[in-house]
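Take a look at the protein model below. This short report walks through some of its parts.

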Amino acid sequence: MVDEQRMINEFCQLVRIKCSTGAEREVADVVKAKLSALGFEVFEDDVAGKINGNCGNVFGYLRGNAAAPVLMFSAHLDSVEPCGDIEPEVKGGRISSRGDTILGADDKAGVVGILEALRLLREKDLPHGDIQVIFTVAEEGGLNGSKFIDRSLLKADFGYVLDAGGSPGKIIDAAPGQNNITAIIRGKTAHAGFAPEEGINAIAVASKAITQLKQGRIDAETTANVGIIKGGQATNIVPDYVEVISEARSRSAAKLESQTKHMVDTFEQVAAAAGARSEVKVRRMYDAYVLTADMPVVALAKKAAQSIGLTPVLEPTGGGSDANFFNTYGMPSAVLAIGMSKVHTTEEYIEVADLVKTAEFVAAIIRASVGA
């Protein structure tokens, strides 16, 4: 049985540790010690140097005592701001912060769910195959921990990333790829009062292009958003420079290519028509993935959910996670819901019951992998 109070205590311990993206050193040392105490071979990779952080991804490996696929369980160690001085409060079966910080259930609920399930294995001496645990860094900063991971270190046949909202039992079986589109528009300066007609207003050109973009929800698989605009010097100067940073996402590679081309072409064509110059760069952030119901990673999770009374629900998502890179690197990985709610806000919370169910779900997956 899951020890509910132990989970609450450990969750509160971990969220109290400041864990900004790129500065996960303290919490990483804590979880490394916890994995070692559970009998894992533990090491840290060299990602810190690749992302200018103070900590690498934490790896743990436990040898099995039964024939089974090698499983991987993962969660990320960093949190969005403000994540310092978090003071969790437990009231009425719900854990929240005192209201001036995030809570950090994203993703400490995943970390704690994994650790508690592993304790059950040890305490009950349950049969299991080899298990790999990866606690990543810099997920919130663009999935950089998993992006720069050495793929030769991924030892599992398939894995699970505990990092989604919704009730335990929900299994994310598809996620989009994302392109970053940065458009720089160069116009011509002039005095805005004396001779505005001699200038080419780069901001006005960019604004016209933005109004012609297909944005928001494009279709069930595809979205686009203009998120950042930077430019201008003063109100009395016709601006000759503006930078517009946008994104496009889709679970369809063809649709992502089409939407990205539309956005690039729009910026270029509108700029040219206005006599301005454009420089548009596209950067692939991560690739999409789609898992089918008959794949072992999905079938095992469904079987495990049903074994503990959860209703397995397969859903696609519009967001990226470390699973995007794990799948790209050849290790099929599904994202599991862990009950976190209102993440990235000071209203974030998690129900204790969902925290417990998360650990039970991980343990059930391990048991199901050996046919127990």
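## A predicted model

Keep one point in mind from the start. This is a predicted model.

## Helices H1 and H2

Two packed helices are described by the angle between their axes and the distance between the axes. Start with helix H1, residues 4-15, and helix H2, residues 25-37. They pack at an angle of about 150 degrees, and their axes are 10 Å apart. Angles over 145 degrees count as roughly antiparallel, so H1 is roughly antiparallel to H2.

Which residues of H1 and H2 meet? H1 brings Glu10, Gln13 and Leu14. H2 brings Val27, Val30, Val31 and Lys34. Sorted by class, the contact of H1 with H2 has four nonpolar residues, one polar residue and two charged residues.

Side chains of opposite charge can pair when their charged atoms come close. The structure holds 23 salt bridges. One of them joins the side chains of lysine 34 and glutamate 10, at 2.9 Å from N to O. This pair links distant parts of the chain. Lysine 34 sits in helix H2 and glutamate 10 in helix H1, 24 residues apart. Both residues also belong to the contact of H1 with H2.

## A three-stranded sheet

Now turn to an open sheet. Its three strands come in the order S4-S5-S17, and the pairing is antiparallel. Which strands form the edges? They are strand S4 (88-91) and strand S17 (349-351), and each pairs on one side only. On average, neighbouring strands of this sheet are turned by 20 degrees against each other, direction ignored.

Look at S4 and strand S5, residues 94-97. They run antiparallel, and four bridges join them. For valine 90, the bridge partner in S5 is isoleucine 95.

## Helices on the sheet

## Helices H8 and H10

H10 also meets helix H8, residues 296-307. The axes of H8 and H10 come within 8 Å and cross at roughly 115 degrees. Angles of 65 to 115 degrees count as roughly perpendicular, so H8 is roughly perpendicular to H10. The crossing of H8 and H10 is right-handed.

What does each helix bring to the contact? H8 supplies Leu300, Ala301, Lys303, Ala304, Ala305 and Ser307. H10 supplies Phe361, Ala364, Ile365, Ala368 and Ser369. By class, the contact of H8 with H10 has eight nonpolar, two polar and one charged residues.

Where do cis peptide bonds turn up? One joins glutamate 81 and proline 82, with omega about -5 degrees. Proline 82 is placed in the loop between strand S3 (71-76) and S4. Another cis peptide bond joins aspartate 106 and aspartate 107, with omega about 20 degrees. Aspartate 107 is found in helix H4, residues 105-124.

Finally, check lysine 342. Its phi is near 50 degrees, a positive value in a residue other than glycine. Lysine 342 lies in the loop between strand S16 (333-340) and S17.

Note on methods. Residues are numbered from 1 along each chain as its sequence is written. This is a predicted model: local features need pLDDT of at least 70, side-chain atom pairs count only at pLDDT 80 or more; totals for chains, interfaces and linings use all residues. Side-chain values use heavy atoms; hydrogens and water are left out. Axes are lines fitted to C-alpha atoms, for helices over the stretch in contact, and angles run from 0 to 180 degrees between N-to-C directions. Helices (H or I, at least four residues) and strands (E, at least two) are DSSP runs, numbered from the N terminus. Angles under 35 degrees count as roughly parallel, over 145 as roughly antiparallel, 65 to 115 as roughly perpendicular and the rest as oblique. Contact means heavy atoms within 4.5 Å. Ala, Val, Leu, Ile, Met, Phe, Trp, Tyr, Cys and Pro count as nonpolar, Asp, Glu, Lys and Arg as charged, and the others, Gly among them, as polar. Two strands pair if DSSP finds at least two bridges between them. A crossing is left-handed if the near helix is turned anticlockwise from the far one by less than a right angle, and right-handed if clockwise. A salt bridge is a side-chain nitrogen of Lys or Arg within 4 Å of a carboxyl oxygen of Asp or Glu.
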